[in-house]
Amino acid sequence: MKEEVKLMKGNEALAMAAIRYGADGYFGYPITPQSEVLEKLEAEMPWDTTGMVVLQAESEVAAINMVYGGACCGKAVMTSTSSPGYSLMQEGVSFMAASEVPALLVNVMRGGPGLGTIHPSQADYFQATKGGGHGDYHMIVLAPSSVQEMTDFVALGWDLAFKYRCLSMILADGLIGQLMEKVVLPEQRPRRTEEQIRKQCPWAVTGAKGRKNNIVTSLELDDDVMEANNNRFQATYREIEKNEKRCELVNCDDAEYLIVAFGSQARITMKTMEIAREEGIKVGLVRPITLWPFPDEHLRRAASNVKGILVVELDAGQMIEDVKLAVDCKVPVEHYGRLGGNVPTPDEVLDALKQKFNIVNK
């Protein structure tokens with residue numbers, strides 16, 4: 001079958017990928033810079049073709065609880081938002097994690113704190129990777145650096161969520177959501193039948209005819225039972241850490257210095273690496289694709305013989321903590337970032353690398 005190639009924004013491509021996945025429902029609320037997800041879904045009217053429900057909720061709190069309800073039924077449901085909106089969803093996210101229901105969450109980040117700016121940021125890293133709601137839980141966090149990955153990570157995120165009965169998040173910064181480039185759209189998958197849902201999700205609330213009732217809840221008043229539940233969650237997270245770490249390594253075999261960056265900053269620092277090598281400075285790039293689980297083994301191997309690591313983020317320094325832990329603080333690690341929606345140039349990053357590690361051109 002001939003590939004379907006389109007020129008699309010990242011947000012629009014993500015919406016199309018959700019339809020093509022055979023999604024059952026989307027529940028969201030407009031907020032810049034991700035509003036095109038909802039707008040594209042409404043424009044495509046998938047309820048007339050695939051049967052996908054698309055609903056603009058009255059708030060982000062309502063949206064996440066609608067996702068919770070759909071997920072309890074084993075449906076492939078999702079929401080998308082941007083930073084302040086995701087903060088409002090945190091209680092529902094924690095409830096879903098404790099209920100072990102799969103769903104896909106999308107956060108197209110903007111600058112904060114507070115309402116901040118509508119321009120891009122990566123400052124929700126802690127919130128996404130450390131658990132923004134209450135309790136001991138994790139989500140699988142995927143960080144796209146292209147419109148194609150915004151598309152591909154929809155299917156990957158949902159597949160992983162159903163595999164582990166957990167939440168998956170696509171954590172993109174505003175640049176990737178608004179970026180327009182060529183994308184290959186996936187083929188249309190059929191939506192699962194009710195029989196297929198019951199087979200894939202025997203725990204789901206799908207009607208109890210012929211079997212005992214399924215109860216989906218996050219509340220448990222017996223301390224020992226709740227501890228057993230939490231131990232089960234932690235075992236699942238260890239399994240995810242074992243199997244699902246993803247990372248891209250570029251020119252790391254002979255590197256004397258590493259740049260670690262994700263999302264849009266990985267694209268910018270790719271050019272930094274090229275300029276540095278033209279000047280005789282051997283720089284490699286490590287791009288974490290899963291922010292949780294963080295690809296610590298990949299980074300540790302890449303950093304085994306380097307003189308220093310520069311972590312480049314659109315924030316005040318958050319991923320740098322995971323980088324330092326990955327290399328056991330045995331390699332000098334420095335941070336460079338811009339704030340307020342300002343985006344560094346490749347030359348700025350190279351200047352920062354030289355300054356922080358006292359590099360003189362060869």
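Which strand holds Glu 313?

Reply: Glu 313 sits in strand 13, residues 308-313; strands are DSSP runs of E, at least two residues long, and helices are runs of H or I, at least four, both numbered from the N terminus. Keep in mind that this is a predicted model, where local features need pLDDT of at least 70 and side-chain atom pairs 80 or more, while totals for chains, interfaces and linings use all residues. Residues are numbered from 1 along each chain as its sequence is written, and side-chain values use heavy atoms, leaving out hydrogens and water.

So is Glu 313 buried or exposed? Glu 313 is buried, because its relative accessible area is 0% (buried is under 20%, exposed over 50%, partly exposed in between, with a 1.4 Å probe and protein chains only).

Now for the neighbours. Leaving aside residues up to four places away in sequence, Glu 313 touches Gln 122, Gln 265, Gln 318, Met 319, Ile 320, His 335, Tyr 336, Gly 337 and Arg 338; touching means heavy atoms within 4.5 Å. Take Arg 338: it's 25 residues from Glu 313 in sequence, yet their C-alpha atoms are 7.4 Å apart in space. As for Gln 318, its backbone nitrogen lies 3.2 Å from a polar atom of the Glu 313 side chain. That pair can be read against the rule for a polar contact: N or O atoms within 3.5 Å, where, within protein, one must be able to donate a hydrogen and the other to accept it, and residues adjacent in sequence count only if both atoms are side-chain atoms.
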